[in-house]
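Trainee: I would like to go through this entry and ask what each term rests on.
Mentor: Go ahead; each answer will set a value against its definition.

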Amino acid sequence: MGKTLAEKILSAKSDTDVCAGNIVVVPLDLVFVQDSTGPLTLRQLNESNLNTIHNPKRTILFLDHSAPSPAKELSNDHIFLRSFAKEKGAILSEIGEGVCHQIVAESFARPEDIIVGADSHTVTAGALAAFATGMGSTDIAVAMALGQTWLRVPETIRVIVHGRFAKGIYAKDLILHLIGRIGADGATYKALEFGGETVATMTMSERLTIANMAVEAGAKVGLFPSDSTTQRYLEDQGRGEQYIALAPDPDATYESTTEIYATELEPTISQPHTVDNVAPVKEVAGIHIDQVFIGTCTNGRLDDIRIAAGILKGRKRHSHTRLIVAPASQKVLLRALAEGHIATLVESGATIVPPGCAACLGVHQGVLGDGERCLSTSNRNFKGRMGNPAAFIYLASPATAAATAIHGEITDPREFL
Amino acid sequence: MMLTGKVFKFGDNISTDLIAPGRLLHLRSNLPELARHTLEDADPTFVKRLKKGDFIVAGKNFGLGSSREHAPLIIKMSGVSAILTKSVARIFFRNAINVGLPVLICDTDKVNDGDKLEVDLKKGEITDLTNKTKLYVNPMPDIMLRILEEGGLIPYIKKHKSFDIR
């Protein structure tokens, strides 16, 4: 019987023929934590008496959520993580190197890998056809020690995308549209698997944006096939030899299929306080915005910064709207500098903050004031997310974010394209 | 094991940002202090009014969002004996079971704030003593049930050394 991508990867790695609904124990290719979940992971590891690390060379501790640290308690958490990495020989990703999911995509994830991370957006690596999923600290502690975990083989919702994006429409608009359509729990416990002619021509950057937000529909993984785009991306990162082709079987069994026509998409925005509360940008255009934030594991890549800089070139942010830009990684920052985008953004009035999670999770670098509204390219707009339950968060593409920064109110980016 | 307590009713989509917000990230290595703020942004008086053994009863998609295990951990530390919800986000579900906090999936529409409940964890039976109704609990996967019965993943792993899925 034909297999979905999820069934294929989990069958290959568990060395058994599995289908949706089975429970499997699988070996892990990469295990990671970040600085907001890592300290609890290490304390649980200590508690479990399993004080060994199964594969230190494939175990990473990222300092990205509070980086550089804004508080002594968090600095102490960083000390704890650094000393553990040193003692066990695990990989440490220092402050300023970037967001864990971006670095995993650039330097670690391979097609057919099974990756678990103590961060819900671990799903991002599904763009490279890795079965990548988020877990909590205790699961990750055990995963680090044993080199394996248990998983339920998920049912799969196939998402087929037809046609080309029109001008001003991006991967972010597509994934926000999908989440709006199926709901914040529309894919809970399930795999989302993307296919169709639009997906075949999508860049890796676009795939990463979409896979990243699979969890906002509740999904366990958001999987893309491994194809020539994957191969080129791996080659570009100096890892071409790690490429393998991977696609679902044509006769795979899906729980359901959702079709999206890219040509019919509009610039899309998610309104406070749930990600599935979406609307076309034009329906909410004109709403005053105090802060625009461009960055994160969703939309902090070179393509995103290039798009934003393209719109902001020769223009200024509105005087009442702050503009914060956080490249997703050091690599992204260096390339954006080399291409001149950082200078363009600074000239337009942007504040550039170090590669990392920055303002996304409400700990530093752009915490919102009472009653303020932020338009962000990140993935979550829950009440309190950006550090203040009395603030309001809208989610949209980097193009919509740049256009909004210019007018100081929610703006359809197509007027600048 | 029989649990009894009072209901604290919440709506749909209670995110981990409402349970354990990022603005309190600096307290994550000080869990007793963080627990004093459990669900503060959803109900500022929750921790003050809660008595040990009480229940959180919610609508759909409880615990969506971040993988922070601090969320179920501080709910447990604040004295909640179980969460009853129509549906639960995947990561939160695993985390809750891993820290030994039961999450029971059931139709919570008829349960009201302040009702008194009796929960038989072994039989999976919930009785609303206030409105005299019984609720049916959807069974959880065997592996999760066994982890919960051991009191969480750490005691489970200490005993079994690895995952036993047979």
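Trainee: Which residue in E9(A) stands opposite Ile157(A)?
Mentor: Leu192(A) stands opposite Ile157(A). Before going on: this is a predicted model, in which local features need pLDDT of at least 70 and side-chain atom pairs count only at pLDDT 80 or more, while totals for chains, interfaces and linings use all residues. Residues are numbered from 1 along each chain as its sequence is written, and chains are lettered from A and ligands numbered from 1 in the order in which they are written.

Trainee: What makes strand E8 and strand E9 of chain A a pair?
Mentor: Two strands pair if DSSP finds at least two bridges between them. E8 (residues 156–162) and E9 (residues 191–195) of chain A are joined by five bridges in the parallel sense, so by the definition of at least two they pair. The names come from DSSP runs, H or I of at least four residues for helices and E of at least two for strands, numbered from the N terminus.

Trainee: In what order do the four strands of the open sheet in chain A stand?
Mentor: The order is E10-E9-E8-E11 in chain A, with parallel pairing.

Trainee: Why are E10 and E11 of chain A said to stand at the edges?
Mentor: E10 (221–223) and E11 (256–261) of chain A each have a single partner strand, so one side of each has no neighbour in the sheet. On average, neighbouring strands here are turned by 20° against each other, direction ignored.

Trainee: Which helix packs on this sheet?
Mentor: Helix H1 (residues 5–14) of chain A does, touching E8, E9 and E10 of chain A. The direction of H1(A) makes about 105° with that of E10(A); axes are lines fitted to C-alpha atoms, for helices over the stretch in contact, and angles run from 0 to 180 degrees between N-to-C directions.

Trainee: What makes H1(A) mostly covered?
Mentor: Seven of the 10 residues of H1(A) are buried, among them Leu5(A), Ile9(A) and Lys13(A). A residue is buried if 20 or more other C-beta atoms, placed from the backbone, lie within 10 Å of its own, exposed if 12 or fewer, and partly exposed in between.

Trainee: How many bridges join E2(A) to strand E3 of chain A?
Mentor: Four bridges join E2(A) to E3 (residues 59–62) of chain A, and they run parallel; there the bridge partner of Phe32(A) is Ile60(A). Three bridges join E2(A) to strand E5 (residues 114–117) of chain A, also parallel, with Leu30(A) opposite Ile115(A).

Trainee: What makes the bond from Ala67(A) to Pro68(A) cis?
Mentor: Omega of that peptide bond is near -5°. Pro68(A) lies in the loop between E3 and H3 of chain A. Another cis peptide bond joins Pro272(A) and His273(A), with omega about -5°.

Trainee: How many helices and strands does chain A have?
Mentor: Chain A has 15 helices and 18 strands.

Trainee: Why is chain A called as compact as a globular protein of its length?
Mentor: Its radius of gyration is 20 Å, close to the 22 Å that the globule rule gives for 417 residues, so the description applies. The radius is taken over C-alpha atoms, and the rule is 2.2 Å times the number of residues to the power 0.38.

Trainee: How many residues of chain A are in contact with chain B?
Mentor: 46 residues of chain A are in contact with 38 residues of chain B, contact being C-beta atoms, placed from the backbone, within 7 Å. H5(A) gives the largest share of the chain A side, five residues.

Definitions and conventions:
Two residues are in contact if their C-beta atoms, placed from the backbone, lie within 7 Å.
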